[in-house]
Amino acid sequence: MVFEKLEERVILNGTLTLLTPLHIGSPKTEFDIEKVDMPILKDTQGQPYIPGSSLKGKVRSEAERIARKEGETVCTPPDTKNMCGTEAPNNLCICCRIFGTAGNTISVASKVRFRDAYPKTRVGETMTRVGIAMDRATGTVAKKALYSIEAIPAGTNFGFEMVTENLAQEEWKLLKAAMGSFIDAGLGGSVSRGMGKVNLVLESASIKTSKSYLGKEKEQSLSGEEFKKWWSRK
Ligand SMILES: [Zn+2]
């Protein structure tokens, strides 16, 4: 058993802006009486949001692609059978060290958490886009050809928050690269049709240590130029 120490916790805040409409689907149940065929995920107040798990999944998959390109051996989630901790417990890949794994012999918590991202101001109306379903085999228009996709309009700003714990320098490097890459790769559904382009501007960081929690040293709050400098060194 490994006893973990809290070395450093960093809370990063920023704004995620939709450059094109975003569709993050809500699981449909047979009781759904939605007007659109593909509704978006909404909270109990009817506000759309981006689940932290979607953000994490996207950033992780970009991290895996970058690490592989750099010649690192990286496992292949989401099936835990193919992930570190099932076969080779002592040798976690860099992505499992950052994002965690739930292998059969060892499970490690993620060092990065993404909070659900909510719109900074209330989203009044969502929009509906119409798609045409093609029959993949024949390339012709399918029987029920038209379907509708609900989306959050471009220009919507979401509050972004991410919490990291005890990241090593090489882990910061990969995480930072993956965050740059996920923005360009797009988020949610219909990305191939131009949806889900986002921009992310990180604005501030709070850096906390076990000593700052004990009141033995001041916690650091960085914003503006100070934050930019700190982030560029990561
Ligand atoms: Zn792994």
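This is a predicted model: local features need pLDDT of at least 70, side-chain atom pairs count only at pLDDT 80 or more; totals for chains, interfaces and linings use all residues.
## The chain as a whole

The chain is built from five helices and nine strands. Read from the N terminus, these elements follow the order β-α-α-β-β-β-β-β-β-α-β-α-β-α. There are 234 residues in the chain, and buried residues make up 38% of them. The accessible surface of the chain comes to about 13700 Å², and carbon and sulfur atoms account for 50% of that surface. Taking contacts between residues at least 6 apart in sequence, 65% of them join residues at least 24 apart.

## Where helices H1 and H3 cross

Helix H1 covers residues 52-69 and helix H3 covers residues 169-185; their axes come within 8 Å and cross at roughly 110 degrees. An angle from 65 to 115 degrees counts as roughly perpendicular, and H1 and H3 are therefore roughly perpendicular to each other. The crossing of H1 past H3 is right-handed.

Which residues of H1 and H3 make the contact? On the H1 side they are Leu 55, Lys 58, Val 59, Glu 62, Ala 63, Ile 66 and Ala 67. H3 brings Leu 174, Leu 175, Ala 177, Ala 178, Met 179, Ser 181, Phe 182 and Ala 185. Sorted by class, the contact of H1 with H3 has 12 nonpolar residues, one polar residue and two charged residues.

Leu 55 lies in helix H1, and it counts as buried because its relative accessibility is 1%, where buried means under 20%. Setting aside neighbours within four places in sequence, Leu 55 is in contact with Leu 16, Ile 50, Phe 114, Arg 115, Ala 117, Phe 160, Phe 182 and Leu 187.

Is Glu 62 buried or exposed? With a relative accessibility of 4%, Glu 62 counts as buried. Beyond neighbours within four places in sequence, Glu 62 is in contact with Ala 178, Ser 181, Phe 182 and Ala 185.

Glu 171 belongs to helix H3. Its relative accessible area is 3%, so Glu 171 is buried. Apart from neighbours within four places in sequence, Glu 171 is in contact with Ile 94, Arg 97, Ile 98, Lys 111 and Asn 166.

Glu 72 is placed in the loop between H1 and H2. At 38% relative accessibility, Glu 72 counts as partly exposed. Neighbours within four places in sequence aside, Glu 72 is in contact with Ala 67 and Ile 94.

| Residue | Relative accessible area | Class |
|---|---|---|
| Leu 55 | 1% | buried |
| Glu 62 | 4% | buried |
| Glu 72 | 38% | partly exposed |
| Glu 171 | 3% | buried |

## Backbone details in the loops

The loop between H1 and helix H2 (94-99) holds Pro 78. The peptide bond leading from Pro 77 to Pro 78 is cis, and its omega is near 10 degrees.

Asn 166 is found in the loop between strand S7 (157-165) and H3. Its phi is near 50 degrees, a positive value in a residue other than glycine. Asn 166 has a relative accessible area of 17% and is therefore buried.

Ser 190 is located in the loop between H3 and strand S8 (198-208). Although Ser 190 is not a glycine, its phi is positive, at about 55 degrees. Is Ser 190 buried or partly exposed? Its relative accessibility is 21%, so Ser 190 counts as partly exposed.

Technical notes
Residues are numbered from 1 along each chain as its sequence is written. Side-chain values use heavy atoms; hydrogens and water are left out. Axes are lines fitted to C-alpha atoms, for helices over the stretch in contact, and angles run from 0 to 180 degrees between N-to-C directions. Helices (H or I, at least four residues) and strands (E, at least two) are DSSP runs, numbered from the N terminus. Angles under 35 degrees count as roughly parallel, over 145 as roughly antiparallel, 65 to 115 as roughly perpendicular and the rest as oblique. A crossing is left-handed if the near helix is turned anticlockwise from the far one by less than a right angle, and right-handed if clockwise. Contact means heavy atoms within 4.5 Å. Ala, Val, Leu, Ile, Met, Phe, Trp, Tyr, Cys and Pro count as nonpolar, Asp, Glu, Lys and Arg as charged, and the others, Gly among them, as polar. Buried means under 20% relative accessible area, exposed over 50%, partly exposed in between (1.4 Å probe, protein chains only). Accessible areas come from the Shrake-Rupley method with a 1.4 Å probe; for residues, only the protein chains shown count as cover.
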